[in-house]
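The sequence and structure are shown first.

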Amino acid sequence: MGLPEMIKQLYAVTDEELCGYHEADIDFVKNLCGTLPETLETFWHTTANTQALHQVQDYWISPQDYRDKDWLEKCGYLAVLVENQGVCTAGIRKEDLGQADPPVYVSMDDKNWTLCAGSVSEFLQAALSYEAVFAFEYHPDDFVYWLTEEELKVIQSYLEKRPYQLHGWLDMDLRFYSNSYDHMVAVMDCGDLEMIYGAASEKAYQKLIRILDGIGEA
């Protein structure tokens, strides 16, 4: 499944609502950096400006931001996502920008960067899944749940583990589970296990609840 179709299901948007950034703004960043990874440029062109993607927990950096925010030009990485309080930044090393699908790194202090995802493609899928959980219309009253290892095994027996992860985002490793993209469970490993989940429709949420009923401690 391509990224646009994944976004349509995760964010309950139509083809008409998918929106990219202006060519001139993308070209500005491309000229500033010399080149852009093909995967990021395609995302920016086709879907990154979709309104629903910006009604989430954290802040997706836009090409326009590179005209307005001086710190982005000074950063040694091409920033793509910033935590809502500025605590955490994900970005691509500038020396890797010539690669079609380079790795993405994360930093809590803009000095020490560690691997977040093995490619831009993996990062986009994982970050979009994580952000969608905060935006889902249907979610439990208690947003975060503690999990035991045994409860995680139950989730793994009923839901498919997605082939992408986030490492080190807010000092957590995140894995994702779902049987389709209209619902998502994010399992966060920060020494202890935590879970957040939700769905884009009531029907999908009811299916998810049948699996997760009784699992986790609020």
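## Nonpolar cores

In this predicted model, the largest nonpolar core comprises 56 residues. The members that touch the most others are Leu10, Tyr11, Phe43, Trp44, Trp60, Phe123 and Leu128. Helix H6, spanning residues 120-135, gives the most to this core, supplying nine residues. Another core, of 18 residues, lies apart from it and includes Tyr145, Tyr177, Ile211 and Leu212.

In soluble globular proteins, nonpolar side chains tend to be buried together.

## Surroundings of Tyr11

Leaving aside residues up to four places away in sequence, Tyr11 touches Ala52, Leu53, Val56, Leu128, Glu131 and Ala132.

## Helix H1

Helix H1 covers residues 3-10, and its buried residues are Met6, Ile7, Lys8 and Leu10. After H1 comes Ala12, which has a positive phi near 50°.

## Packing of H1 on H6

How are the axes of H1 and H6 placed relative to each other? The two helices pack at an angle of about 10°, and their axes are 11 Å apart. H1 is therefore roughly parallel to H6, as angles under 35 degrees count as such.

On the H1 side, the contact involves Leu3, Met6, Ile7 and Leu10. Their counterparts in H6 are Leu124, Gln125, Leu128, Ser129 and Ala132. Classified by residue type, the contact of H1 with H6 contains seven nonpolar residues, two polar residues and no charged ones.

Methods
Residues numbered from 1 in each chain as written. Predicted model: local features only at pLDDT ≥ 70, side-chain atom pairs only at ≥ 80, totals over all residues. Heavy atoms only, no water. Core = buried A, V, L, I, M, F, W, Y, C linked by side-chain atoms within 4.5 Å. Buried < 20%, exposed > 50% of the residue type's maximum accessible area, 1.4 Å probe, protein only. Helix = DSSP H or I, 4+ residues; strand = E, 2+ residues; numbered from the N terminus. Contact = heavy atoms within 4.5 Å. Axes fitted to C-alpha atoms, helices over the stretch in contact; angles between N-to-C directions. Parallel < 35°, antiparallel > 145°, perpendicular 65-115°, else oblique. Nonpolar A, V, L, I, M, F, W, Y, C, P; charged D, E, K, R; others polar.
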